Amino acid sequence: MNRIKNTLAVAKKLKLSQVMTNSELPSIFEGTVDLGIIGGTGLYKLDCLKPIALLPPMVTPWGTTSSPVTISQFVGTNSHFHVAFIARHGVNHEYPPTKVPFRANMAALKNLNCKAVLSFSAVGSLQSHIKPRDFVLPQQIIDRTKGIRHSSYFNDEGLVGHVGFGQPFSQEFAEYIYQFKDSITNPESEEPCHLHYDKDLTVVCMEGPQFSTRAESKMYRMFGGHIINMSVIPEAKLARECELPYQMICMSTDYDAWRDEAEPVTVETVIGNLTNNGRNANHLASKIIASMAKEIPEFMHTGDGLHGSIKKSISTKPDAMSKETLEKLKYLFPGYW
Ligand SMILES: CSC[C@H]1O[C@H](OP(=O)(O)O)[C@H](O)[C@@H]1O
Ligand SMILES: Nc1ncnc2[nH]cnc12
């Protein structure tokens with residue numbers, strides 16, 4: 001109900017032409033949504049999905065989503081398994097990493113009742129064995145953002161909450177994805193593509209938008225970083241606060257700046273590998289979604305142990321809780337307070 005009201009409110013605010021030119025698809029959706037997907041640089045839609053509704057950008061208490069929300073089924077099926085897709089940087093890549101409305105994006109997926117969030121990101125590699133075009137399922141994060149992004153729903157006066165973030169990704173989800181490791185290929189090269197996964201794989205998140213200096217890139221290697229991007233923070237934190245199992249599929253595009261014998265990364269290098277990575281993202285997503293549509297995995301039913309965790313994470317005494325913030329939080333947790 002919430003989301004229908006929202007959609008209508010936004011539709012009214014947008015010029016009618018904007019709504020109508022988008023597509024012939026309905027702009028409201030009444031069914032259930034199972035999986036949320038956030039597409040990153042070079043991945044503004046997934047061809048393995050058949051859109052059945054296009055919700056105009058959703059207005060949430062934390063702003064408006066970076067793109068319309070496409071609701072889809074897996075191509076070739078009429079299954080009741082539905083996916084909601086948001087383009088992190090907007091459909092025309094309008095939002096730089098610092099200005100992505102991360103809170104609105106995650107809140108919208110939560111409000112649609114997604115049971116897990118799968119995210120894609122183009123990353124640089126900090127290790128020689130992770131080649132451009134390889135994929136990585138990181139399990140740890142080093143936060144090098146500059147504190148200028150809104151990174152919490154629980155950082156307001158009158159509602160203080162501290163969630164656990166020691167394991168920032170869903171291991172169950174990563175293992176589920178890893179079973180399809182053979183679905184990524186590299187047809188233009190002798191070199192096969194690999195999907196890397198282990199519990200220590202670490203993504204460094206920098207502020208950007210400039211890439212790292214050589215010295216920074218070398219420092220991140222000393223820190224123990226394996227890959228680097230500009231978007232996993234605060235996305236992973238917000239998914240945790242929404243009690244949503246979250247995994248990022250990182251798609252390597254370059255070797256960043258640490259190799260003295262090579263030119264440091266440029267956007268041309270990144271773009272050069274996006275086509276192959278996009279094709280593999282589709283292959284991998286097809287396998288994951290087809291399998292989920294057949295049988296929803298246990299971690300999506302149980303929220304990977306996260307259900308209810310927010311109630312225990314609030315430090316503010318009930319009498320002191322801000323009514324205004326509680327009202328906003330109803331968008332995420334309608335039955336909690
Ligand atoms: C164009 S290279 C830098 C850019 O690519 C990554 O975007 P995303 O994570 O959305 O795929 C990286 O985080 C930077 O934002
Ligand atoms: N080298 C790099 N640094 C940060 N983000 C990236 N995204 C792709 N390549 C990157």
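Below are my entries, one topic at a time.

**Ground rules**

I'm looking at a predicted model, where local features need pLDDT of at least 70, side-chain atom pairs count only at pLDDT 80 or more, and totals for chains, interfaces and linings use all residues. Residues are numbered from 1 along each chain as its sequence is written, chains are lettered from A and ligands numbered from 1 in the order in which they are written, and side-chain values use heavy atoms, with hydrogens and water left out.

**Entry 1**

I took Asp 254 next, and it sits in strand β15, residues 246–254. Helices (H or I, at least four residues) and strands (E, at least two) are DSSP runs, numbered from the N terminus. Is Asp 254 buried or exposed? I wrote down buried, because its relative accessibility is 5%; the buried label means under 20% relative accessible area, with a 1.4 Å probe and protein chains only. Beyond its neighbours within four places in sequence, Asp 254 is in contact with residues including Val 123, Pro 132 and Thr 269, where contact means heavy atoms within 4.5 Å.

Then I moved to Asp 256, in the loop between β15 and α7 (267–272). Asp 256 also counts as buried, since its relative accessible area is 5%. Its side chain makes a 2.6 Å polar contact with the side chain of Ser 217. A polar contact is a pair of N or O atoms within 3.5 Å; within protein, one must be able to donate a hydrogen and the other to accept it, and residues adjacent in sequence count only if both atoms are side-chain atoms.

**Entry 1: the second set**

UniProt, again in an unreviewed entry, lists "binding site" at Thr 41, Arg 88, His 89, Ser 121, Ala 122 and Ser 231. They are spread over 191 residues of sequence, yet they cluster in space, with a largest C-alpha distance of 12.1 Å. I found Thr 41, Arg 88, His 89, Ser 121, Ala 122 and Ser 231 in the lining of the largest pocket.

Arg 88 is in the loop between β6 (83–87) and α3, and I marked it buried because its relative accessible area is 1%. Ala 122 belongs to strand β7, residues 116–125. Not counting residues up to four places away in sequence, Ala 122 touches Thr 41, Asn 229, Met 251, Thr 253 and Leu 274.

I went to the loop between α2 (16–22) and β1 (35–39) to find Asp 34. What does its side chain reach at 2.8 Å? I found the backbone nitrogen of His 82. The Asp 34 side chain also makes a polar contact of 2.6 Å with the side chain of Lys 115. Asp 34 counts as buried because its relative accessible area is 4%.

Among the contacts of Asp 34 is Met 300, which I located in helix α9, residues 298–302. Met 300 is buried too, at 2% relative accessibility. Its own contact list includes Phe 81, Ala 116 and Met 292.

**Entry 2: α6 and what follows it**

I counted 9 of the 10 residues of α6 as buried. Phe 102, Arg 103 and Met 106 in α3 meet Ile 233, Pro 234, Glu 235, Leu 238 and Ala 239 in α6.

After α6 comes Glu 243, with a positive phi near 60°. Phe 333 and Glu 243 are 90 residues apart in sequence and 9.7 Å apart in space, C-alpha to C-alpha. Phe 333 lies in the segment after α11 (323–329) and is buried at 2% relative accessibility. Its contacts include Lys 110, Phe 154 and Glu 243.

Terms used
Buried < 20%, exposed > 50% of the residue type's maximum accessible area, 1.4 Å probe, protein only. UniProt positions renumbered as here; feature names shortened; annotations may be inferred. 1 Å grid on protein atoms, 1.4 Å probe; cavity = no way out; pocket = protein on both sides within 12 Å on 5 of 7 lines; lining within 4 Å.
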